Amino acid sequence: MAKKATATGVKEEEEIDWGWSKLDEEKITTNTSNTLLKSVHAGLRSPVTAPLQSSLIRGECLYFHYGCDGQDDRGWGCGYRTIQTMASWLCHNWSPPKAQCRPPPRPPPSLPQIQQALVSMGDKPGSFSGSREWIGTFEASLVLDYFYDVPCKVVHVRGGGAELEQVAVEELHRHFQKHGCPVMMGGDRDNSSKGIVGVCTGDEGSYVLVLDPHYCGRPLDKAELQRRGWVAWKRVSCLDQSSFYNLCLPQTDKQGQ
């Protein structure tokens with residue numbers, strides 16, 4: 001991935017590699033939620049020296065990625081892994097209103113459980129269970145509502161710099177300030193799902209803080225994940241300008257939270 005140094009010393013991404021070039025370089029290793037890392041974005045330096053506005057998730061979430069539970073989902077499982085990361089935030093930080101007398105949120109669902117849920121609710125045919133089919137932001141909204149009774153707002157952002165810098169960035173700032181929950185982002189030409197856990201705006205544009213679920217291999221510590229760019233600030237202008245994008249924004253205070 002080409003990089004250049006800016007006047008502030010921060011390395012700017014020239015192109016974004018969402019992990020496809022490294023799919024076959026690492027082996028699948030079994031992992032569990034007990035060993036998955038929390039808050040892998042913590043400690044990253046701000047992408048701008050004097051941000052006009054900066055908004056981050058509140059609380060902890062786990063970093064789910066390809067093969068983290070021993071299932072080889074390279075090439076199709078990024079959406080599922082981002083859902084699991086979002087679900088982990090709900091487990092750690094959210095609880096239903098007390099008046100509803102519900103048990104605490106369940107652990108993040110497995111990939112087979114996500115597929116079966118989409119079949120059970122009638123969104124997918126029976127053949128979807130056990131398949132290697134992708135899912136996106138719409139399915140994410142259904143899954144989080146199904147398992148956690150948390151409705152989601154899905155925002156469609158047309159391609160182009162102005163739409164991304166205005167609509168997407170403004171939505172993300174509002175979301176993190178109000179709900180504090182991770183967001184799923186994906187599109188058509190850029191169909192690689194990614195978790196968004198922050199947004200930062202400066203004089204020369206905005207950045208999104210990405211948890212990239214495409215890492216596959218042995219467990220890495222937080223510093224190594226950051227060094228290798230699996231969790232990093234990405235300049236909004238480096239996103240695919242010819243792709244539309246959808247944002248899945250969990251509405252955690254919808255029921256009076």
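The model is predicted, so local features are taken at pLDDT of at least 70 and side-chain atom pairs count only at pLDDT 80 or more, while totals for chains, interfaces and linings use all residues. Residues are numbered from 1 along each chain as its sequence is written, and side-chain values use heavy atoms, with hydrogens and water left out.

The pLDDT (the predictor's confidence in each residue, from 0 to 100) averages 86 over the chain, and 81% of the residues score at least 70. The pLDDT is below 50 over residues 1-25, a stretch with 52 contacts (heavy atoms within 4.5 Å) in the model beyond near neighbours in sequence. Where pLDDT is low, the predicted coordinates should not be read in detail.

Helix H2 (residues 111-120) packs against helix H3 (residues 137-148) at an angle of about 90°, the two axes being 10 Å apart. Axes here are lines fitted to C-alpha atoms, for helices over the stretch in contact, and angles between N-to-C directions run from 0 to 180 degrees. H2 is therefore roughly perpendicular to H3, a class covering 65 to 115 degrees, beside roughly parallel under 35, roughly antiparallel over 145 and oblique for the rest. From H2, Gln113, Ile114, Ala117, Leu118 and Ser120 meet Glu139, Leu142, Val143, Tyr146 and Phe147 of H3. Seven residues of this contact are nonpolar, two polar and one charged.

Strand E9 (residues 245-250) is largely enclosed by the rest of the structure, because six of its six residues are buried (under 20% relative accessible area, with exposed over 50% and partly exposed in between, for a 1.4 Å probe and protein chains only). Tyr245, Leu247 and Leu249 point one way from E9, and Asn246, Cys248 and Pro250 point the other way. Strand E4 (residues 152-157) pairs with E9 in the antiparallel sense over six bridges, pairing requiring at least two DSSP bridges. Val157 stands opposite Tyr245. Strand E5 (residues 183-187) also runs antiparallel to E9, joined by four bridges, with Met184 opposite Cys248.

Leu56, in strand E3 (residues 53-56), is partly exposed at a relative accessible area of 37%. Leaving aside residues up to four places away in sequence, Leu56 touches Phe176, Val197, Gly198, Leu209 and Trp233. Leu56 and Cys200 are 144 residues apart in sequence, with their C-alpha atoms 8.5 Å apart in space.

How values were computed: Helices (H or I, at least four residues) and strands (E, at least two) are DSSP runs, numbered from the N terminus. Ala, Val, Leu, Ile, Met, Phe, Trp, Tyr, Cys and Pro count as nonpolar, Asp, Glu, Lys and Arg as charged, and the others, Gly among them, as polar.
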